[in-house]
Amino acid sequence: MKPGLACLLAFLSFLGQASGLSRPLVLSPSLSPSPESDFNTNDVFTSGHGPNDIFTSSYSPSSQRLSNFTGSKDDRGTCQCSVTLPDTAFPVQRVERLELIAYNLTQKFEKEFSKVKEYVQLINVYEKKLSSLTVRIEIMEKDTISYTELDFTLIKIEVKEMEKLVIQLKDSFVGSTEIVDQLEVEIRNMTLLVEKLETLDKNNVLAIRREIQALKTKLKECQASKSENVTIPTPPAPGSCRHSGVVNISKPIIVQLNWRGFAYKYGAWGRDYSPQHPDEGLYWVAPLETNGRTLNIYRLYYTQDDLLLYTNAREYQISYGQGGGVAVYNKYMYVNWYNTGNIAKVNLDTNKVAVTQTLPNAVYNNRFSYANVGWQDIDLAVDEHGLWVIYSTEASTGNIVISKLNDTTLGVLNTWITKQYKPSVSNAFMVCGVLYATRTLNTRLEEIFYYYDTNTGKEGTLNIVMPKMQERIQSINYHPYEQKLFVYNDGYLLNYNLIF
């Protein structure tokens with residue numbers, strides 16, 4: 001092949017790659033270069049199969065040349081050369097992905113590099129702190145005694161433990177508590193001193209430790225003397241008042257839900273107390289109607305097992321009971337007569353009213369009922385001394401009035417007026433002639449907070465916390481022989497043991 005023809009084919013190969021051609025090219029002999037001449041930049045070439053298939057361009061010496069191709073010349077002198085050009089379109093999408101990857105890598109690098117700068121700054125700060133701490137430790141090491149923050153923490157724990165021990169000793173100590181009180185004051189002073197020393201020279205802790213050791217020795221001696229000299233008092237006999245009053249109460253014992261169901265939240269329950277047969281009383285349950293006012297039906301059980309199993313019950317109906325201030329004494333039930341200030345005495349054997357009596361000057365129909373419990377303006381109670389009634393009058397301006405009743409005639413034997421406002425009390429009960437009143441602390445706790453002693457005329461405050469099952473306590477009845485409270489708590493029957 002002549003050199004000029006080779007140049008032409010190389011140029012056409014370049015055009016084919018740029019335009020995506022993949023077909024044979026035909027060269028015209030009229031445009032074929034002579035053997036003696038070379039191509040220059042102004043030469044024009046024509047190629048194709050027909051007059052409409054023509055490529056015209058200028059030759060560039062830098063164009064890509066094509067090798068390893070074959071050609072032939074026909075009878076008319078036309079030079080024909082068949083070249084197959086590959087499809088070499090520019091990969092734009094790949095380049096865009098490559099640019100995106102490069103951009104993300106740059107961002108990550110800059111982010112990590114900024115973190116490295118922050119770490120370098122933190123390292124510098126910690127190096128300074130470590131240097132400062134080293135200097136402080138070296139100063140402490142030069143002293144004969146050195147203490148750390150942990151030493152003060154341990155001392156605080158020891159002081160708190162001794163303070164708890166002193167409080168326990170004080171609560172259980174019988175007799176003079178002068179020594180225990182002195183120890184308690186010394187320990188509190190020690191606590192203040194330790195807290196003060198934390199902000200001062202910590203090397204003075206040695207003196208504190210010595211004082212703490214001395215206090216520990218005193219506490220051990222006090223405990224030893226207490227265990228040798230103190231005798232545990234025996235609880236009073238059932239039905240006896242040989243005690244100085246209620247000092248604590250047990251956690252509630254949940255007996256069961258009342259037999260009428262959860263909807264009957266108001267009512268009362270207890271056990272009959274008879275001085276002649278104190279341990280043989282019937283169990284009684286008196287749920288009010290859902291309006292919380294009327295008492296229409298009650299049940300009696302011979303034993304506690306019958307009560308728990310809802311068996312062998314005697315069920316009676318009445319139509320005149322009002323409120324949950326019900327009490328049972330010596331085989332008679334005492335209730336507030338509906339819509340009046342009267343008291344009715346009901347025979348439990350016949351379910352007939354034996355006596356009715358008006359309570360002098362007593363208000364009724366929610367004039368001065370208990371807090372959160374309606375229709376208990378007149379609340380009847382039983383204790384070792386017999387039958388009582390707790391109520392208010394207009395003359396007492398709503399304060400609690402206590403009257404001792406004759407259980408046969410329902411006549412008033414004696415009356416005491418207290419300084420405690422009845423509507424601020426959640427409920428009340430009598431023990432050995434002493435009134436105990438409760439109040440609500442929250443939905444799970446009551447408190448026996450007030451007492452009035454009819455034996456001495458004295459009244460005062462108490463702080464006996466009383467856990468409960470549900471939010472409201474509707475009634476409280478005391479049984480002298482069992483020394484228990486029978487509490488109606490939002491439909492649940494609860495028992496509490498009293499501690500004297």
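Tutor: Start with a turn. β9 and β10 form a hairpin with 2 residues between them. In that turn, N330 has a positive phi of about 55°. Keep in mind that this is a predicted model.

Student: How do you know that β9 and β10 pair?

Tutor: Two strands pair if there are at least two bridges between them. β9 and strand β10 (residues 332–337) have 5 bridges, so they count as paired, in the antiparallel sense.

Student: What makes β8 and β9 a pair?

Tutor: The test is again at least two bridges. β8 and β9 are joined by 6 bridges, so they pass. These strands run antiparallel. L295 stands opposite G321 in β9.

Student: What joins β7 to β8?

Tutor: Strand β7 (residues 283–287) and strand β8 (residues 294–301) share 3 bridges, in the antiparallel sense. The cut-off is at least two, so this is a pair as well. W284 has L300 in β8 as its bridge partner.

Student: Which order do the strands of the open sheet follow?

Tutor: The order is β6-β7-β8-β9-β10-β11-β12, with antiparallel pairing. That is an open sheet of 7 strands.

Student: Why are β6 and β12 called edge strands?

Tutor: β6 (267–271) and β12 (352–358) each pair on one side only. From one strand to the next, the twist averages 35°.

Student: What makes β9 mostly covered?

Tutor: Buried means under 20% relative accessible area. In strand β9 (residues 314–329), 13 of its 16 residues are buried.

Student: Why is A395 called exposed?

Tutor: Exposed means over 50% relative accessible area. A395 has 74%, so A395 is exposed. A395 is found in the loop between β14 (386–391) and β15 (399–405). The C-alpha atoms of A395 and A362 are separated by 9.6 Å, though the two are 33 residues apart along the chain.

Student: Which residues touch the most other members of the largest nonpolar core?

Tutor: They are I249, F429, M466, L485, V487 and L498, in a core of 19 residues. The largest share, 4 residues, comes from β23.

Student: How do you know that M466 is in contact with I249?

Tutor: Contact means heavy atoms within 4.5 Å. Leaving aside neighbours within four places in sequence, the contacts of M466 include I249, L485, V487 and Y496.

Student: Which residues does the second core include?

Tutor: That separate core of 18 residues includes L282, L288, I318 and M333.

Key. Residues are numbered from 1 along each chain as its sequence is written. This is a predicted model: local features need pLDDT of at least 70, side-chain atom pairs count only at pLDDT 80 or more; totals for chains, interfaces and linings use all residues. Side-chain values use heavy atoms; hydrogens and water are left out. Buried means under 20% relative accessible area, exposed over 50%, partly exposed in between (1.4 Å probe, protein chains only). Axes are lines fitted to C-alpha atoms, for helices over the stretch in contact, and angles run from 0 to 180 degrees between N-to-C directions. A nonpolar core is a set of buried Ala, Val, Leu, Ile, Met, Phe, Trp, Tyr and Cys residues joined through side-chain atoms within 4.5 Å.
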